[in-house]
Amino acid sequence: MTAEKDLHTLLATMHPELREGEFVYVLWPHGRPLAGAVAAAVREAEGLTVVLPRSEADSLGLSYDFVGAWITLQVHSSLEAIGLTAAVSAALTEAKISCNVLAGFHHDHILVPVADADRALEVLHELVAASGEHKPAPELVLRSEQPADRPAILALTAAAFAVSPVTGLPVQGEPEEVELLAALLECGDYLPEFSIVAELDGEIVGHVISTRGWVGELALLGLGPLGVVPRLQRHGIGSALMKETIARANAAGERGIALLGDPEYYSRFGFVASTSLGVEAPDPAWAGHFQLLPLAVWPGGVSGTFRYAKPFGVA
């Protein structure tokens, strides 16, 4: 494959990819044979600097100060290309993120502080998007979920809920929404036409599911979870999934959709407090956040407590 030299092409086609693990710079002890999974090395007059996984440095008893996340710029850049690392470092500098650049034969690599990894990826994706603005925007495709999509959907959900929407803090371990979604996809109240994916350039970037719920004998939809890949959140994908769900529900003659979420966000789609329509939340603690959207054939005169599909674990 021919290495690319044109800066605009490099920026427009670049795909930043986060390497798994944490990496450190250490000054290798003089005269000590190299050991461990050394990822990069630089010989200077003062000694040999190596970059290796933090766990390796700890096991070898080597000291370090900087702990970084490793991002590879997945584009085959020529060693003669001018401006790529300058553009990347300038974008990160503007975002107040420090970076250390390593150039390989095929790719450029940057190491940023571990705490800034997610934000650095966002900045780099914004740089790519800005560089490709002259090209037609890829079309967002909304379609029904297929069984082959499920690994990607569960991975997307894990990423989307890695930070708790309730506390705003990182979740320890796997988010509970992943287990819930896996169970909903297999339960008796699963409705295939209401498990909808958003696809961009062949990548699944969003998903929403609605399963059968009830108020007494009245069948409704219980929506959630809804997830969008972190780098594309607040780009309208969640709204597109909501609008598609509502359109499908009306076309299918559904009576209404219930959900638990932020009233400020969901009110834009017509959701109101469920109690205003005579429907109580499954959990009284949800008051104010449990909402309902009456659809075209909402019957009126409804009274009772909403019952979610069994995997939700509430009445």
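**Reading contacts, packing and cores**

Author: Val42 touches Gly47, Leu48 and Thr49, once its neighbours within four places in sequence are left aside. The model is predicted.

Reader: Where is Val42 found?

Author: Val42 belongs to strand β3, which covers residues 40–44.

Reader: Is Val42 buried, exposed or partly exposed?

Author: The class follows from the relative accessible area: under 20% is buried, over 50% is exposed, and values in between are partly exposed. Val42 has 42% relative accessibility, so it counts as partly exposed.

Reader: How far apart in space are Val42 and Leu221?

Author: Their C-alpha atoms are 60 Å apart, and the two residues are separated by 179 residues in sequence. Ala12 sits in helix α1, residues 7–13, and is buried at a relative accessible area of 17%.

Reader: Which residues does Gly68 contact, leaving aside its neighbours within four places in sequence?

Author: Gly68 contacts Gly21, Glu22, Phe23, Val112, Pro113 and Val114. Gly68 is part of strand β5, residues 67–73. With a relative accessible area of 0%, Gly68 is buried. From the C-alpha atom of Gly68 to that of Leu218, 150 residues apart along the chain, the separation is 54 Å.

Reader: Now the helices. What describes two packed helices?

Author: The angle between their axes and the distance between the axes describe them. For helix α3 (residues 84–94) and helix α4 (residues 117–131), the axes come within 10 Å and cross at roughly 125°. That angle makes α3 oblique to α4. The crossing in which α3 passes α4 is right-handed.

Reader: Which residues make the contact between α3 and α4?

Author: From α3 come Ala87, Val88, Ala91 and Leu92, and from α4 come Ala120, Val123, Leu124 and Leu127. By class, the contact of α3 with α4 has 8 nonpolar residues, no polar and no charged.

Reader: At what angle do α5 and α6 pack?

Author: The angle is about 155°, and the axes are 8 Å apart. This makes α5 roughly antiparallel to α6, since an angle over 145 degrees counts that way. α5 also passes α6 in a right-handed crossing.

Reader: Which residues meet there, and how do they divide by class?

Author: Ile153, Leu154, Thr157 and Ala158 of α5 meet Glu177, Val178, Leu181 and Ala182 of α6. The contact of α5 with α6 is made up of 6 nonpolar, 1 polar and 1 charged residues.

Reader: How should I read the largest nonpolar core, and which members touch the most others?

Author: Begin with its members, then ask which elements supply them. The largest nonpolar core holds 36 residues, and Ile237, Met242, Ile257 and Phe271 touch the most other members. At least two residues of this core come from each of α5 (150–160), α6 (176–184), β9 (195–200), β10 (203–215), β11 (218–228), α7 (237–251) and β12 (256–260). Helix α7 gives the largest share of this core, 5 residues.

Reader: What does Met242 contact, leaving aside its neighbours within four places in sequence?

Author: Met242 contacts Leu223, Leu226, Leu259, Tyr266, Phe269 and Phe271. Another core, of 21 residues, lies apart from the largest one, and includes Ala69, Ala91, Val112 and Val128.

Reader: What is the phi of Arg234, and where is Arg234 found?

Author: Arg234, which is not a glycine, has a positive phi of about 65°. Arg234 lies in the loop between β11 and α7. A relative accessible area of 73% makes Arg234 exposed.

Reader: Is the peptide bond from Gly224 to Pro225 cis or trans?

Author: The bond from Gly224 to Pro225 is cis, with omega near 5°. Pro225 is in strand β11.

Definitions and conventions
Residues are numbered from 1 along each chain as its sequence is written. This is a predicted model: local features need pLDDT of at least 70, side-chain atom pairs count only at pLDDT 80 or more; totals for chains, interfaces and linings use all residues. Side-chain values use heavy atoms; hydrogens and water are left out. Helices (H or I, at least four residues) and strands (E, at least two) are DSSP runs, numbered from the N terminus. Buried means under 20% relative accessible area, exposed over 50%, partly exposed in between (1.4 Å probe, protein chains only). Contact means heavy atoms within 4.5 Å. Axes are lines fitted to C-alpha atoms, for helices over the stretch in contact, and angles run from 0 to 180 degrees between N-to-C directions. Angles under 35 degrees count as roughly parallel, over 145 as roughly antiparallel, 65 to 115 as roughly perpendicular and the rest as oblique. A crossing is left-handed if the near helix is turned anticlockwise from the far one by less than a right angle, and right-handed if clockwise. Ala, Val, Leu, Ile, Met, Phe, Trp, Tyr, Cys and Pro count as nonpolar, Asp, Glu, Lys and Arg as charged, and the others, Gly among them, as polar. A nonpolar core is a set of buried Ala, Val, Leu, Ile, Met, Phe, Trp, Tyr and Cys residues joined through side-chain atoms within 4.5 Å.
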